[in-house]
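Dear colleague,

I am passing on the structure below, followed by some notes on what came out of it. Please read the notes alongside the model.

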Amino acid sequence: MADTYTPPVYGTGVKATIQRLGGHLAGMIMPNIGAFIAWGLITALFIPTGWLPNAALAAMVNPIITALLPILIAYTGGRMVHGQRGAVVGAVAVMGIVVGSDSPMFLGAMIIGPLAALILKYVDKFTEQRTKAGFEMLVDNFSAGIVGGAMAVAGVWGIGPIVRTVTTAAGGAVEWLIGHDLLPVASVLIEPAKVLFLNNAINHGVLGPLGVAESVRHGKSILFMLESNPGPGLGLLLAYLLFGPRPLRPSTPAAMIIHFFGGIHEIYFPYVLMKPRLILAVILGGAAGVFTFMVTGAGLVATPSPGSIFAYLAVTPRGGWLGVIAGIVIATAVTFAVAALLLGFGRSEKAGEKAEPPTEAAPEATAVTDAPADEVTEPTPIGDDQRAQPVAKEA
């Protein structure tokens with residue numbers, strides 16, 4: 001299924017392996033982009049800071065991002081590995097991670113879904129030759145149930161805690177960089193962590209509390225802007241729109257609207273996963289934006305939630321719009337320039353079009369001999385050692 005959204009990758013080197021892994025990760029996300037957009041629209045409209053605040057409708061936001069989206073990701077990942085049976089087992093297995101954490105476990109879903117399906121695939125290979133006729137359905141259903149239940153338990157006790165440990169370690173590393181005044185360098189950790197869907201954990205778990213404390217003392221804080229800057233995502237999507245794979249270009253305008261105006265940054269993460277080298281573009285763009293914020297003395301009075309341009313301007317202190325806008329624009333420009341360079345300015349797409357011109361099958365060439373009118377010649381393909389021999393027509 002990943003091949004539907006990413007070009008095929010050939011070779012066995014490190015670069016090809018990373019690209020293939022990114023393609024599989026993106027293949028779990030891209031079919032579910034509609035669900036992400038639905039969640040983004042509900043969030044942007046109905047949360048307390050949204051356009052149409054509504055407590056009853058906003059109650060959908062948390063279940064969708066903590067339960068529905070991880071289940072869809074695990075379901076899709078399982079289907080990629082072992083068809084419909086793998087999809088069902090992956091969806092069951094991910095529940096162990098979902099109920100064991102209060103934060104969105106997208107990374108855990110991308111691990112446990114394909115893993116559960118792979119285990120079931122080997123179980124099916126083992127049982128298919130050992131199951132007596134008439135017991136196939138019984139064995140198939142029980143094997144899927146056992147594998148799904150066991151993996152759900154493993155998600156609660158094993159995979160879930162590991163993913164939470166990784167999340168905590170990433171947050172601690174970002175906090176260390178902040179404490180040592182290395183804010184632009186923090187993008188080296190923040191941007192890759194965002195692409196792995198750890199953005200909420202870093203923003204609300206680390207940067208938010210630190211930013212609130214600084215805002216109380218100084219009236220504003222740059223920490224609110226490290227993860228939430230919409231510039232890198234916008235620059236990346238612009239590069240995809242102009243120079244990315246042609247099948248993906250029609251999807252980027254809607255993604256840009258959801259990302260920049262709706263503040264749902266998760267919408268552009270799959271585009272990075274499809275071509276992992278583009279992580280360099282968002283890192284450099286994020287660092288350029290942070291450096292601009294530092295030079296101009298920009299800061300926000302609260303966390304922009306969601307991280308849209310409207311939320312940014314809403315929590316900008318009076319007189320501070322120039323620095324905020326400059327940081328977003330520069331981050332967008334740097335990310336776009338680097339991403340366009342890494343995409344080869346679309347040259348690979350043009351080369352692919354020239355390399356595959358439409359062709360029609362040519363009829364098989366045959367040798368022609370000067371046979372008399374009352375004789376029929378059997379055609380022989382060109383290149384055979386024997387020439388066409390005349391065959392006498394029967395009277």
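The pLDDT is the predictor's confidence in each residue, from 0 to 100. This is a predicted model, in which local features need pLDDT of at least 70 and side-chain atom pairs count only at pLDDT 80 or more, whereas totals for chains, interfaces and linings use all residues. Residues are numbered from 1 along each chain as its sequence is written, and side-chain values use heavy atoms, with hydrogens and water left out.

The protein has an average pLDDT of 79, and 78% of the residues score at least 70. Over residues 359-388 the pLDDT is below 50, although this stretch has 24 contacts (heavy atoms within 4.5 Å) in the model beyond near neighbours in sequence.

Arginine 85 and aspartate 124 form a salt bridge (2.9 Å, N to O), a term for a side-chain nitrogen of Lys or Arg within 4 Å of a carboxyl oxygen of Asp or Glu. Arginine 85 belongs to H4 and aspartate 124 to helix H5 (residues 106-128), so the pair ties together parts 39 residues apart in sequence.

Best regards

How values were computed: Helix = DSSP H or I, 4+ residues; strand = E, 2+ residues; numbered from the N terminus.
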